[in-house]
Amino acid sequence: MIRREQEPAWPRVAFACYLGVCACALVWPGYALAGDRIEPFVLGLPFAFAWTIGWVLAAFLGLLVFHGLAGPKDRG
Amino acid sequence: MSDSRIVVGIAAVYLVACLVIGMLPGRRASDSAEGYVAGDRTLGPLVMFFITGATIFSAFAFLGMPGKAYSQGAWAFMVLAYGAFGFIPFYFLGPRAARLGREYGFVTQGQMVAHRFHSLPIPGVMALISAGAFVPYLAIQIKGAGYVLNSMTQGAVSEQVGGAIVYGVVLVYVLKSGVLGVGWTNTFQGIFMMVLAWAMGLYLPYALYGGVGEMFRRIAEERPELLRAPGLGPDGAQGSWGEYTSAVIVTSIGFSAWPHLFMKAFTARSEATIRRTVVLYPIFSIFLVPILLIGFSGVLFEPAPAQADQILPHMLMSIELSPWIVGLFCAGALAASMSSGDAIVHACSSILVRDGWITALGRKLDTHAERRLIRYLIVVLLGASYGLAFHYEGSLFDLLLYAYGPVVQFMPAVVAALYIRRATGPGVLAGLVVGVSVNILFAVCPDLRPFALHAGLYGFVANVAALALVSAVTRREIDGEERYLAVAAGDDVREPSS
């Protein structure tokens, strides 16, 4: 059995921390403290709605960056 | 041509197109259970993307989400959150599962877990839990399809007959083509739904209020409570942050544990295909935004529908719209129902045969007999779901949350199998049984919960605790464990040539 060389852990740790921040912003307490209001409207959407979409996009971008940097080497 | 004939004509053309697209791949797949269940492991990135997208774009998305936004406002935002995060664990789990599937020939999630622990009861328990989650969900797809056909024919076709017609088409192409038929129809239906979602999501606020911004300004003046997180509860009072947060956590963890997602990982052509699918998956979440706009556009709409889940078809049939638009919408809603229903019925019957009949009960079947049994079960499951469909009266959204309670219990078992060396078969089995029991207890008797949190979260915590405890006291070396974990990790396990 030939073990492949272990890939560095830091991209995963950094990605997990980033996702943790995004996730906290979408549930209590992050959402309740910072995102729960109607105004200002953003592109016609109430703030609480735009807040959710913004963090979903942030998580998507984070995943794209992680995939670009570590994806080919990451073995799951 | 009269308006109703145009509407029905569009739906009829759509159903025939699904039938043709769904049946063609059946000519290419090998005549084996492997070809029928796992598509001979040939699914490429485009088909893989849409077949997994169908998990979120179901009748629930087209009918349940607008209903939730209409009746409970910001509570419906949770779907965006779990849609964005829920598939990320699969970025890591999926490639491991795919490697194991190629090496050992797995086609179901239960086989994968059972092989690691040499346990026969585990796949049997997982098959039962899967059926408990899948059948009611399939029933809602059938009910949704029946409702759409009933609305578009203005009552000429009953919900029961409508559901039977649509799922008759699904039955034909799933029986004929297996997973390849599901994949190609999901691709066709997924593109169709995305176009429809944006068109209707932008058109309805414009037609009723003059634009999205104006619509929300009016709702902010007249119903501001709908635009504040976490929205309203089912009783119309202010929603609970505990319920909202725990529902997001349970659905986000449970999303990557659905058994049919693993079956799709086993069908993928490569690990890169799985990773690319996960990376692009949040696009489906973004495509849910216009569906929420549709729901909000109904908030100030008069007259109100009889049920919140009926808000979209109710508005379409109440305002002056071109029959071509109504017809296309109805075909889109059918697409949403069918693309989830076909994948679910195919997955559920394959799991019951492979994990329940063959692995847990130890029955021997040759490949053609297995394929035949899966087909019989597809008919049985559709029949059972059809019967259930017209007895269920709750909301589609709440049913979805119910389904995640059992499904999230699979995650500890999957992670234990793929990563944790100290986990044992009795530990995983104890976790599954305890987790599902706690979930059922609190789902049936919500007043017993210490705090107002999703029943699945209590089950999940109990599951992890039972798995850890029982594994600690039953730990022993398991044959083949080293090799299994090495294959999962992508190590080269071939014997060196002398």
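The model is predicted. The domain assignment divides chain B into domain 1 (9-406) and domain 2 (420-475), and the C-alpha centres of these two domains are 27 Å apart.

**Contact between the domains**
- In chain B, 23 residues of domain 1 are in contact with 18 residues of domain 2.
- On the domain 1 side, the elements that give two or more residues are helix 7 (109-117), helix 8 (121-152), helix 11 (241-255) and helix 19 (396-407) of chain B.
- Helix 11 of chain B gives the most to this side, with 8 residues.
- By residue class, the domain 1 side divides into 15 nonpolar, 7 polar and 1 charged.

**Nonpolar core**
- The largest nonpolar core has 190 residues, of which B:Met78, B:Ala81, B:Val113, B:Cys330, B:Leu334 and B:Val428 touch the most other members.
- Helix 17 (residues 323-360) of chain B gives the most to this core, with 19 residues.
- Because domain 1 (9-406) and domain 2 (420-475) of chain B both give residues to this core, it lies between them.
- Leaving aside residues up to four places away in sequence, B:Val428 touches B:Val113, B:Phe117, B:Ile122, B:Ala413, B:Ala416, B:Ala423 and B:Leu467.

**Helix 18**
- Helix 18 (residues 367-389) of chain B has 23 residues and reaches 32 Å from its first C-alpha to its last, close to the 33 Å expected at 1.5 Å a residue.
- Buried residues in helix 18 of chain B include B:Glu370, B:Arg371, B:Leu373, B:Ile374 and B:Ile378.
- Also buried in this helix are B:Leu381, B:Leu382, B:Ser385 and B:Ala389.

Definitions and conventions:
Residues are numbered from 1 along each chain as its sequence is written. Chains are lettered from A and ligands numbered from 1 in the order in which they are written. This is a predicted model: local features need pLDDT of at least 70, side-chain atom pairs count only at pLDDT 80 or more; totals for chains, interfaces and linings use all residues. Domain bounds come from an automatic or database domain assignment. Two residues are in contact if their C-beta atoms, placed from the backbone, lie within 7 Å. Helices (H or I, at least four residues) and strands (E, at least two) are DSSP runs, numbered from the N terminus. Ala, Val, Leu, Ile, Met, Phe, Trp, Tyr, Cys and Pro count as nonpolar, Asp, Glu, Lys and Arg as charged, and the others, Gly among them, as polar. The expected span of a helix is 1.5 Å times one less than its number of residues. A residue is buried if 20 or more other C-beta atoms lie within 10 Å of its own, exposed if 12 or fewer, and partly exposed in between; C-beta atoms are placed from the backbone. A nonpolar core is a set of buried Ala, Val, Leu, Ile, Met, Phe, Trp, Tyr and Cys residues joined through C-beta atoms within 7 Å.
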